[in-house]
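Biologist: I am new to this structure. Please take one part and look at it closely, then place it in its surroundings.

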Amino acid sequence: MTASASREAATVVRVRIPSPLRSYTGANEVAVAIPVLAPELPPTIGGVLAALDSAYPGIRFRIVDEQRKLRPHIKLFVGGRLTRNLADPLDSASEVMIVAALSGG
Amino acid sequence: MAPTRAAAQSAPARRIRVLVATRKGLWMLNSDAARNGWKIAGPQFLGHVVHHAVCDPRDRKSLLVAARTGHLGPTVFRSTDSGRTWKEATRPPAFAEGSGRVVDHTFWLTPGHASEPGVWYAGTSPQGLFRSADGGATWDGVAGFNANPQRKAWCGGDQDGTPDGPKMHSILIDPRDPAHMYIGMSSGGVFETGDAGANWRPLNKGVRADFLPEPTPEYGHDPHCVCYAESLPDRLYQQNHCGIFRLDRPSETWQDIGAAMPKSVGYVGFPIVVHPRDPDSIWVLPMDGTSVWPRTSPAGRPALYRSRDGGQTWKRQDRGLPRAQAWWTVKRQAMTADRREPIGLYFGTTSGEVWASRDEGRTFRCLARHLPLIQALEVA
């Protein structure tokens, strides 16, 4: 595969980062590249979080537990649609927003 | 294992650092050589719930911090320069994928044996045991406990247990043998391994569990804090939900030493500290465990109780502490001692105060006020 083919086989997603996670990214918004392995295997939310963790090690475990479930106070919006299923495809969405709900004293 | 005494010497008159782990971050208290002048530094990890912060006695500059926030998953931070810089564990304690279990928080940290530099153990909520061999960078579950088919019978379900979640705590490594360890679990009881965690057996004979239908079961107890005497590692003490107990190995039966406490104060509390050089000298800090368990100092008058004879008799120590209307209490890992002569005692309260004595509890003074709820105190 050529370098240009490799670039074409990735989807770039903008991820909005809540303040509790900005110690990892240093920014409130980052772009991550999700490899597209095959047309019949579209990128998923889980793929976005894996790519995010590659770029910012440790961030995924703060929002996803060891059983691959989203932690209770975390919400994900994909193209404005709320989801808790990491296997959901991105479809045409190019933005994922991570929300850390506010609670407690 | 035959009872043997271990060498336990007083520390030279160096400055003391106390790590103050709170519900909102980490602070450090630094003394002068006389332990008279103290300065506070911090916060670090502001906004994190810090359940435990521990300095490695093997190099006296490595620190581990068990932390989480209200929204984010649990992690461990580590420093190799006495807390100036920190790195996050690349693989924090986590149960095996497919086990169905989720670590809510790492509750307890214990440095490994002196012969195993870089080894640490962690106890979690719900009850899980983890080991790191690289100074806390990566953690693996101790399968002999976490995957033990008896674990659920020992501990109950992950939703059972204390209001803040069931916990593994009091991970004790025998200073004479790194493969010989004890753990305490609330609930579950005290367990022992002789093969570095491959196999475990309950060690609760003689301890009451009067909140269960069978008050003297083999396991299922609620030890709040377990410790051994550094100078006599075969002497164990525990402050339990149902009393204060002592065990002299190789005996397997704990002796009730809480019965000698004053009836008006009772035998309920969380922390227990043993003198580093005198195995008969211990301190507890009782709380109100009556009726609905207010978890305050009894009658609003906090005090330590010291025994110099292994728990046969107790003496109240409250000089310098509030005389009335002080309704705080002290969590199980929030009371500790230094190794100076005479030893210093330190405890942190649920109302964010740090109190200290540099004369083994004869007098106390307040070192810090207005901190968040204090989870743990350790001498670095």
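Modeller: In this predicted model, the buried residues of helix H3 of chain A pack against strands E1 (10–16), E2 (29–35), E3 (74–78), E4 (81–83) and E5 (95–100) and helix H4 (59–63) of chain A. H3(A) covers residues 45–55. Which of its residues are buried? They are A:Ile45, A:Gly47, A:Val48, A:Leu49, A:Ala51 and A:Leu52. Nonpolar side chains tend to be buried together in soluble globular proteins.

Now the cores. The largest nonpolar core has 97 residues. Within this core, B:Val20, B:Val65 and B:Leu377 touch the most other members. Take B:Leu377. Leaving out residues up to four places away in sequence, B:Leu377 touches B:Val18, B:Leu19, B:Val20, B:Ala334, B:Met335, B:Thr336, B:Tyr346, B:Phe347 and B:Gly348. A separate second core holds 25 residues. A:Val48 of helix H3 is one of them. Others include A:Val64, A:Val96 and B:Ala94.

Next, where the chains meet. Chain B puts 14 residues in contact with 17 residues of chain A. On the chain B side, seven are polar, five nonpolar and two charged.

Last, a sheet in chain B. Four strands form an open sheet, in the order E20-E21-E22-E23, with antiparallel pairing. E20 (269–274) and E23 (315–317) of chain B each have a single partner strand, so one side of each has no neighbour in the sheet. Neighbouring strands are turned by 30° against each other on average, ignoring direction. Strand E22 (304–307) of chain B pairs with E23(B) over three bridges, in the antiparallel sense. There, B:Leu304 stands opposite B:Gln317.

Key. Residues are numbered from 1 along each chain as its sequence is written. Chains are lettered from A and ligands numbered from 1 in the order in which they are written. This is a predicted model: local features need pLDDT of at least 70, side-chain atom pairs count only at pLDDT 80 or more; totals for chains, interfaces and linings use all residues. Two residues are in contact if their C-beta atoms, placed from the backbone, lie within 7 Å. Ala, Val, Leu, Ile, Met, Phe, Trp, Tyr, Cys and Pro count as nonpolar, Asp, Glu, Lys and Arg as charged, and the others, Gly among them, as polar. A residue is buried if 20 or more other C-beta atoms lie within 10 Å of its own, exposed if 12 or fewer, and partly exposed in between; C-beta atoms are placed from the backbone. Helices (H or I, at least four residues) and strands (E, at least two) are DSSP runs, numbered from the N terminus. A nonpolar core is a set of buried Ala, Val, Leu, Ile, Met, Phe, Trp, Tyr and Cys residues joined through C-beta atoms within 7 Å. Two strands pair if DSSP finds at least two bridges between them. Axes are lines fitted to C-alpha atoms, for helices over the stretch in contact, and angles run from 0 to 180 degrees between N-to-C directions.
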